[in-house]
Amino acid sequence: MAASKSLRRWGWVHKWSSIICTAFMLLLCVTGLPLIFHEEIDDVLHSQVKAADVPAGTPLANLDDVVAAVKAQKRDMVPHFLIWDRDDPNALMVSVGKTIDADPSKNTLARVDAHTAKYLDAPDVTGRFTYIMLKLHTDMFAGLPGKLFLGFMGILFCVAIISGIVVYAPSMRKLDFGTYRRERKRVVRWLDVHNLAGILLVMWTLVVGFTGVINTWADLVIKYWQFDQLAAMTAQYKDRPVVMNPASINEAVKVAIKAEPDMKPSFVAFPGTIFSSKSHYAVFMRGDTPLTSRLLKPALIDAQTGAMTDSRDMPWYVSTLLLSQPLHFGDYGGMPLKILWAILDVITIVLLVTGLYIWLRRRKSGVSIERSVASVSALEPQTP
């Protein structure tokens, strides 16, 4: 009797956590599927100006010339970030905004040839299919509240997975693994599909669900880093005004590379932006292995003197966020991993749809999931 009551409680948890999050998990799975192949989709649907083909070993352009090329095209805007394109080593990107303290999420991203410093283009991505999918997937066009809401749905999804294992384990002991009872009613057949999909995907769904929850906290994590580590690194310079004519960004990057010779620059935040102080370039360096390339280390370069004033490893909470992002989308292992992630995503959609169907059928028949599972368990021989 105690076991039966416990299973009923777990069944109640599984039912309601699943019901509440299913619609939103379906949204995330459907929108996440094209995002796995967002680069390939953009290449097919949208054209862009290609950087010049140059022989191997061609020296890179001076970064000051790169920034100047963008300024010449975007005269009414100011640069916020200089970014090395991870997918195209022949191109650099400069993020520009209306003012230095403008919201960077509304910036324009200009592309520049990394070897010739020639301005390439500044495509408007907000109308792209992949951008719409990304916004639906990350915040449903609702900003931080949308992200936190989806994070809560992700937590419920993880609860549903764990409770599902507990609820269905007793009944599955009577069946061989992967049993599909084709001679039974449709709801039973769908239950077999649901159980098999759930147990096959248990680790993957927990990993993707948990990393998705972490990603929804990105804005809060970055803000905490700004008030924690970044504030400590720039405390003695907090009363300085914004440097209006900063020193050479090319020299600032050279200083950072000299200080971290085993790392590569990932992006540079200009003085006055959210990732730097009012008087520093923040050069964010990354490693060159599949793992360390996702981790960043900021080096603060005085924008007046060009000297490095501080450099620290990111705290654990930022590193956790940085590692969770590629793991969530499966974009760290090339095309084979993307295909695997897509297959697992489709199976997860099957899991969600079959679970919803089973609930609707049992609701119509008046038999609750937790009661039916507890009844099955009660029929099993009890161990003394």
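Biologist: Which helix does Ile-162 lie in?

Modeller: Ile-162 lies in helix 5, and please keep in mind that this is a predicted model.

Biologist: Is Ile-162 buried, exposed or partly exposed, and why?

Modeller: Ile-162 counts as partly exposed, because its relative accessibility is 43%, and buried would require under 20% while exposed would require over 50%.

Biologist: Which residues form the nonpolar patch on the surface?

Modeller: The nonpolar patch is formed by Trp-10, Ile-162, Ile-165, Val-166, Ile-199 and Leu-200, which together have about 500 Å² of accessible area. Two elements give two or more residues to it, namely helix 5, covering 143-172, and helix 6, covering 186-200.

Biologist: And which helix gives the most to the patch?

Modeller: That is helix 5, which gives three residues to the nonpolar patch.

Biologist: Changing topic, what is the mean pLDDT of the chain?

Modeller: The chain has a mean pLDDT of 87, and 91% of its residues reach 70 or more. Confidence is highest in helix 3 (residues 63-73), at a mean of 97, and lowest in helix 12 (residues 369-378), where the mean is 46. Over residues 373-384 the pLDDT is below 50, and this stretch has 15 contacts in the model beyond near neighbours in sequence.

Biologist: Now the inside: how many residues are in the largest nonpolar core?

Modeller: The largest nonpolar core has 29 residues, and those with the most contacts inside it are Val-66, Val-70, Leu-82, Ile-249, Val-268, Tyr-281 and Val-283. The elements that give two or more residues to this core are helix 3, helix 9 (249-259), strand 2 (91-97), strand 3 (108-113), strand 6 (280-286) and strand 7 (296-302). Apart from this core lies another one of 19 residues, including Leu-230, Ala-282, Met-314 and Val-318.

Biologist: What is Val-283 in contact with?

Modeller: Once its neighbours within four places in sequence are left aside, Val-283 is in contact with Ala-252, Val-253, Ala-256, Phe-267, Val-268, Lys-297, Pro-298, Ala-299 and Ile-301.

Biologist: Are Lys-297 and Asp-313 buried or exposed?

Modeller: Lys-297 counts as buried, because its relative accessibility is 15%, whereas Asp-313 is exposed, with a relative accessible area of 55%.

Biologist: How many salt bridges does the count come to?

Modeller: The count comes to 13 salt bridges. Among them, Arg-240 forms one with Asp-302, and their closest N and O atoms are 3.0 Å apart.

Biologist: Where do Arg-240 and Asp-302 lie?

Modeller: Arg-240 lies in the loop between helix 8 (218-233) and helix 9, and Asp-302 lies in strand 7, so the pair ties together parts that are 62 residues apart in sequence. Arg-240 counts as partly exposed at 26% relative accessibility, while Asp-302 counts as buried at 4%.

Biologist: What about Lys-135, which residue forms a salt bridge with it?

Modeller: Lys-135 forms a salt bridge with Asp-139, with 3.0 Å between the closest N and O atoms, and Asp-139 counts as buried because its relative accessibility is 3%.

Conventions:
Residues numbered from 1 in each chain as written. Predicted model: local features only at pLDDT ≥ 70, side-chain atom pairs only at ≥ 80, totals over all residues. Heavy atoms only, no water. Patch = residues over 30% accessible without salt bridge, like charges linked within 9 Å, V, L, I, M, F, W, Y side chains within 5 Å. Areas by Shrake-Rupley, 256 points an atom, 1.4 Å probe, with all protein chains shown as cover. Salt bridge = Lys/Arg side-chain N within 4 Å of Asp/Glu carboxyl O. Helix = DSSP H or I, 4+ residues; strand = E, 2+ residues; numbered from the N terminus. Buried < 20%, exposed > 50% of the residue type's maximum accessible area, 1.4 Å probe, protein only. pLDDT = per-residue confidence, 0-100. Contact = heavy atoms within 4.5 Å. Core = buried A, V, L, I, M, F, W, Y, C linked by side-chain atoms within 4.5 Å.
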